[in-house]
Amino acid sequence: MGVVGTLDVDSDLAASPSGRNERFAAFVRTRTDTLMKTAFLLTRNGPDAEELVQDNLVWLYPRWAQVEAAEHQLAYVRKAMVNRFLAGKRKMSATEVHFDESFDGFAEVLPPGRDETAEVDARDQMWRELGVLSERQRAAIVLRFFHDLPDAEVAEALDCRVGTVRSLISRALNTLRTTGNFADDAVGSYYLRNVT
Amino acid sequence: MTTNRSLTEELQSVLRAHSLDAPEPSAAIDDILARTIEADSSDEQPAPRSRPRVLGLPLRPAIVGVAASVAIVLVGAAVVNTARHKGSTASTASLSEGSAAATQQNRVGAADKNSSGDSAAPSAAAECARPSDRVSASTVGPLTVPQTGARLSVVVTTCTDASGVATGSQVDVVSQTGSSLATLVDRTRAIQADFVIVEGTRITVRGYSARLGGAFDYPFTMSPDGTAFTAGPTQRYAANCVADNVRVSIKNGPIRDRTQLVQVVNTDIYPCALAGYPTVTALSGSTTRAVAAATIAGPSGGVSGSVAPVVVLTPGAVATALVELDTQTDGTGVCPASDRVRVSVGAPARTVTIPVKLPVCGLQVHPLVPGETGSN
């Protein structure tokens, strides 16, 4: 029984040296964990995160020579993944059924008289508000505050200007600060100063 | 809520905490390597782009296309099918834009090596991941080849563990002599095939995977000469049932003092899917007295068949799992009672703890099934 596939790949696949395969495999084994975390924070959904990571690396495999030529391979791969995420979201219609995986399982049945709203953790509120952000805002937030990338590298990853990154982060933080009363900080103030 | 942290400190903390909920990478690593390096090295075709391991199945929840219509029901799914088609199409996600899903074709090999006329299910389908797994098989058909009139069949082989929980299904198109012509769903994908629809040359496999996020339709089209099976875009039919969209409770079962029912109701406006057993723990205070044994069926009911069914709950629909009790089996003639029952469904799951007294002897629970009786 034979199979013919019609994947869109570069012609250099047929001539790929075994050394490149080993380097690709090594990258996959060592970097998938961090890519999965990034993907999960972007998609907020386990299966979608897996799909995003897998599809991105499968797509990059025939183009691995380009990845190896990049100054920072992980940044290159992550940028491709973020772009794939943003492009994919833009294609989805509004009827997509999307379930927030942050509440797996079932709620505790509380004894009568307890105020459920008092049980809601501020962190849950912030996590939920992150889901309300636009995909580009969330991507900027994840790259800036989870990966601690400077604005210039966030701009590189999002293919936009530094000013745009600051604007995305400003608006996102403006949304997130409604989840609680926070102490002042220089970083937050810097971005929130530019909210429009 | 007041915090001593700054906004950005709290944000970083939240992101780090939730990043730990990301899926384990090991399965993704295996899949990536299988779809790239291993696929290259195992190809038999001149074109190095094919994927012989996964044949014609774009296993991704990116959704495009139109759901199939009336089903030919597969093993143990009759009641499920009825529940599923109750007004479910209105809430089915159906995106209009194509995804990047690769179209794959399964072709009959030029040399069909199985010429012995063996009419058994394809041998590959009988191999489960673990030696202790059990196998159940069903056949759907006929699938008639337009140009030749040959009658093919679709064989679904499902591997299950000892409690009947499916570990993966394989769906093969089989010739009249029993030789496998194409594998539409590979069992290593750990998808439970719920049922198969055959309409002319169109085959749709509905499969469930909690890991992939719910129940999906995988459509295929047979070529007029029956030598190729082209995969269409996958469509998610129902997402996993999660905390926000179900309500869980316990009520008395059909046989008083011997049975209880775990009841799960879909409170959402969309269908959701789940399969397997709830975890039922009998407690006294905070002490675990007994954890119900997961058994496919018992003296008072349960699942007819050997596979825990996939349950798709349309809005408002109910699924139940039968809990059986035996009050006199602790050897002393007295069976201690718990004062609370903790029920968990899904993994990871938060739990529902209900103040219900249950004898703890001989506690067993059967799989979730559609309807209110705990049996199908």
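**Exercise 1. The open sheet of chain B**

In this predicted model, determine in what order the strands of the open sheet in chain B are arranged, and which strands lie at its edges.

*Solution.* Begin with the order of the strands, which is E3-E4-E5-E6 in an open sheet of four strands from chain B, with antiparallel pairing. The edge strands are then strand E3 (134-144) and strand E6 (180-185) of chain B, since each pairs on one side only. On average, and with direction ignored, neighbouring strands of this sheet are turned by 25° against each other. To look at one pairing in detail, take strand E4 (residues 151-160) and strand E5 (residues 166-174) of chain B, which run antiparallel and are joined by eight bridges. Within E5(B), B:Ser169 is the residue that stands opposite B:Thr158.

**Exercise 2. A strand covered on both faces**

Work out which residues of strand E14 (residues 272-275) of chain B lie on each side, and whether they are buried or exposed; then find which strands pair with E14(B).

*Solution.* In a regular strand the side chains alternate between the two faces of the sheet. For strand E14 of chain B, B:Cys272 and B:Leu274 lie on one side and B:Ala273 and B:Ala275 on the other, and all of these are buried, with both faces covered. Next come the partners: strand E11 (residues 235-240) of chain B runs parallel to E14(B) and is joined to it by two bridges, whereas strand E20 (residues 310-313) of chain B pairs with E14(B) in the antiparallel sense over four bridges.

**Exercise 3. The buried side of a helix**

Identify which residues of helix H2 (residues 25-35) of chain B are buried, and explain why they lie on the same side of H2(B).

*Solution.* The buried residues of H2 in chain B are B:Pro25, B:Ala28, B:Ile29, B:Asp31, B:Ile32 and B:Arg35. They lie on the same side of H2(B) because they cover an arc of only 170° around the axis.

**Exercise 4. One helix, two packing partners**

Describe how helix H7 (residues 135-146) of chain A packs against helix H9 (residues 162-176) of chain A and against helix H1 (residues 7-19) of chain B, and state which residues meet.

*Solution.* Take the partner within chain A to start with: H7(A) and H9(A) pack at an angle of about 95°, with their axes 9 Å apart, and they are therefore roughly perpendicular to each other. From H7(A), A:Arg136, A:Gln137, A:Ala140, A:Ile141 and A:Arg144 meet A:Val165, A:Leu168, A:Ile169, A:Arg171 and A:Ala172 of H9(A). Sorted by class, this contact has six nonpolar, one polar and three charged residues.

Turning to the partner in chain B, H7(A) and H1(B) pack with their axes 10 Å apart, at an angle of about 95°, which makes H7(A) roughly perpendicular to H1(B). Here A:Val142, A:Phe145 and A:Phe146 of H7(A) meet B:Thr8, B:Leu11, B:Gln12, B:Leu15 and B:Ser19 of H1(B). The classes in this contact are five nonpolar, three polar and no charged residues.

**Exercise 5. The two chains as a whole**

State how many helices and strands chain A and chain B have, and what share of each chain is buried.

*Solution.* Chain A comes to ten helices and two strands, and buried residues make up 37% of its 196 residues. Chain B has four helices and 27 strands, and buried residues make up 49% of its 376 residues.

Key:
Residues numbered from 1 in each chain as written. Chains lettered and ligands numbered in written order. Predicted model: local features only at pLDDT ≥ 70, side-chain atom pairs only at ≥ 80, totals over all residues. Pairing = 2+ DSSP bridges. Axes fitted to C-alpha atoms, helices over the stretch in contact; angles between N-to-C directions. Buried ≥ 20, exposed ≤ 12 C-beta atoms within 10 Å, placed from the backbone. Arc of directions from axis to C-beta. Parallel < 35°, antiparallel > 145°, perpendicular 65-115°, else oblique. Contact = placed C-beta atoms within 7 Å. Nonpolar A, V, L, I, M, F, W, Y, C, P; charged D, E, K, R; others polar.
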